[in-house]
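Visitor: I would like to go through this model with some care, asking about its fold, its charges and its surface in turn.

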Amino acid sequence: AELSPFEIKTSIPAAVSAGIAFLGFCGTVLVQIAQQKAKIDALSERVDKGFQQVDDRIDKGFTQMKSSMHNLESSMDNLKSSMDLNSRLSYLEGRKAEKDRLR
């Protein structure tokens with residue numbers, strides 16, 4: 001099964017041509033894979049940013065809720081102090097009226 005010189009001369013360029021075509025196909029496939037990976041990476045980054053925005057909004061909401069609770073507690077303390085002062089004032093006014101009656 002020896003090849004003649006003519007067959008060798010024609011089969012080598014055909015093999016080289018087929019090899020080049022195969023390398024071209026592999027290159028095209030690699031470019032397509034790289035493009036798809038870039039799309040996936042960009043989408044992944046957008047999803048991560050979306051989750052970060054949700055986390056930031058949740059954190060902001062909790063911070064506002066804590067601030068509102070603190071303000072409510074402060075208002076309740078002020079109301080209690082006012083009620084205590086009104087109670088004492090009423091008591092003192094009652095004592096003064098009693099003293100004035102006794103005079």
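Visitor: Which pLDDT do local features need here?
Guide: Residues are numbered from 1 along each chain as its sequence is written, and side-chain values use heavy atoms, with hydrogens and water left out. This is a predicted model in which totals for chains, interfaces and linings use all residues, side-chain atom pairs count only at pLDDT 80 or more, and local features need pLDDT of at least 70.

Visitor: How many helices and strands does the chain have?
Guide: Helices (H or I, at least four residues) and strands (E, at least two) are DSSP runs numbered from the N terminus. Helix α1 covers residues 5-102, and the secondary structure of the chain comes to one helix and zero strands.

Visitor: What share of the residues in the chain is buried?
Guide: Buried means under 20% relative accessible area, exposed over 50% and partly exposed in between, with a 1.4 Å probe and protein chains only. S82 counts as partly exposed because its relative accessible area is 38%, and S67 likewise counts as partly exposed at 39%. Of the 103 residues in the chain, the buried share is 0%.

Visitor: How far apart do the centres of the positive and negative side chains lie?
Guide: Lys and Arg count as positive and Asp and Glu as negative, while His and the chain ends are not counted. The place of a charge is taken as NZ of Lys, CZ of Arg, CG of Asp or CD of Glu. With 15 positive and 14 negative side chains, the centres of the two sets lie 12 Å apart.

Visitor: What is the distance between the closest N and O atoms of K37 and D41?
Guide: A salt bridge is a side-chain nitrogen of Lys or Arg within 4 Å of a carboxyl oxygen of Asp or Glu, and a search of the whole structure finds three. Because K37 and D41 are four residues apart in helix α1, about one helical turn separates them. K37 is exposed at 51% relative accessibility, whereas D41 is partly exposed at 40%. In the salt bridge between K37 and D41 the closest N and O atoms are 2.8 Å apart.

Visitor: Which residue forms a salt bridge with K96?
Guide: The salt bridge of E45 with K49 has its closest N and O atoms 3.6 Å apart, and E45 and K49 lie four residues apart in helix α1, about one turn of the helix. K96 is exposed, with a relative accessible area of 53%. At a closest N to O distance of 3.5 Å, the partner of K96 is D100.

Visitor: How much accessible area does the nonpolar patch have together?
Guide: Patches are made of residues with over 30% relative accessible area and no salt bridge, like charges being joined within 9 Å and nonpolar side chains (Val, Leu, Ile, Met, Phe, Trp, Tyr) within 5 Å. Accessible areas come from the Shrake-Rupley method with a 1.4 Å probe, and for residues only the protein chains shown count as cover. V54, one of the patch residues, is partly exposed at 42% relative accessibility. Together V54, I58, F62, M65, M69, L72, M76, L79 and M83 have about 890 Å².
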